[in-house]
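Biologist: Could you walk me through this one while I have it open?
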Amino acid sequence: MDGWYYDPDQQMKLGAYCVAIGIGLLALAGCGKQKIDIDTLTNNPFDPDYAGPSLFELADSRTVTYTVDGQVHYDLEVDIRVREDLFLSPIPEYEVYVTGTGVSPEAFSGHPLLTFTISDVGLGAVICRDLALRRSQGGQGASNSVCAIAAL
Amino acid sequence: MTLRSAYLYLFLVAPFVVSAQSAGKIRLLVDPGHNFKFVVDKQFKMEQREVELSEGLHHFSVWAPERMVVDTPVFVVADHTTDLVVRLPYSPEYEHYRNALSRYNSVRRSRIISTVALAGGLVWTGVSYSIYASAKNQLDADRMAYEELSTPGEISVLKDKTIPEHNDDLVKARTGLYVSAAITTVAAGAMVYFRLVTKRGDKPVFEDKEKVRFEGLAWVPDAQGSFWMAGITIPINK
């Protein structure tokens, strides 16, 4: 027999191993993590497409009465809590933009309570404001509306 | 008459006898053009291209390796050179050997090619898997980046540009891995098949039976008349 003849049993084993490796690799490739579905990436509050739980919620509200020239007026003070527990990473400094009021005068981080005042409201009125998360570097993230009732 | 006296007759006396006769030449034009032998009148084995013989009818047995022995009568004309054109056909044993050797070499080439293909396929699969794993790791890094980024603009770039590109890279890498793994599997199957096929047969060996027959044609007369010379072939290259 020539030198390049080998034990056929060994050849069978070698072939079986090769086939097993090939199938294993295919299975490995098939079972591995697949592509990222961008539509599912919506849980970062800084994402403009954020679709998770509301980031801003009403913490408290008060109706303040005052008189000007004998006429009674009412201001609504609204306390908003920013749910920093929804942030995915260490909490950076951020700003909150309130429709009709403007950007919060201070940057928040770790003190998620924001208070703003809506002047001269009527008693019983439901006042809603849109709030949005912002960074000083630009761009807007999560946003939602918060409503409060002016009541004594 | 002893064997020695027979040779003396053949080489010393016969030429004088022949010289008294008219003689002619035979020029052998044989296919193959070289390495042929012939026996004249079932007695004298020769290899030259021309032979001078006495006038009259002679018998030629021509042979060459791998060819059949061809027997033919030749009439020698005095003082004239006659061309003897002979095409020696390949012997059936040689044709059978040639076909078997061709099959053997073909299978052997297939064994080598399939083995090389398997080795190449394994390397290719390894590289493809490395690329695939790298693409997967890149997407894992993108997932991490999405969670760590806190700038809306950077998140938009990540989602609109970076991740789609890396998704495409993953698809390409996975396709490459599928193809390379499939080819490797096929190569492994081919290698096993050809190994199994070729294990059944040894390398064909050519036994030139026509040579044995040709060697047995020559005989030399002795005291009792004649004796046959026979030859056998022993392949010493094994």
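Biologist: In chain B, what share of contacts between residues at least 6 apart in sequence join residues at least 24 apart?
Modeller: That share is 61% in chain B, where contact means heavy atoms within 4.5 Å. Please keep in mind that this is a predicted model, in which local features need pLDDT of at least 70, side-chain atom pairs count only at pLDDT 80 or more, and totals for chains, interfaces and linings use all residues. Residues are numbered from 1 along each chain as its sequence is written, chains are lettered from A and ligands numbered from 1 in the order in which they are written, and side-chain values use heavy atoms, with hydrogens and water left out.
Biologist: How many helices and strands does chain B have?
Modeller: Chain B has 4 helices and 9 strands, taken as DSSP runs (helices H or I, at least four residues; strands E, at least two) and numbered from the N terminus. Their order from the N terminus is α-β-β-β-β-β-β-β-α-α-α-β-β.
Biologist: Switching topic, which cysteines form a disulfide?
Modeller: A:Cys128 and A:Cys147 do, with sulfur atoms 1.9 Å apart, the criterion being a pair of cysteine sulfur atoms within 2.5 Å. The link is right-handed, with 105° about the S-S bond. It joins distant parts of the chain, 19 residues apart, with A:Cys128 in strand E6 (residues 126-134) and A:Cys147 in strand E7 (residues 140-149) of chain A.
Biologist: And how exposed is A:Cys128?
Modeller: A:Cys128 is partly exposed, at 38% relative accessible area, and A:Cys147 is partly exposed at 35%; buried means under 20%, exposed over 50%, and partly exposed in between (1.4 Å probe, protein chains only).
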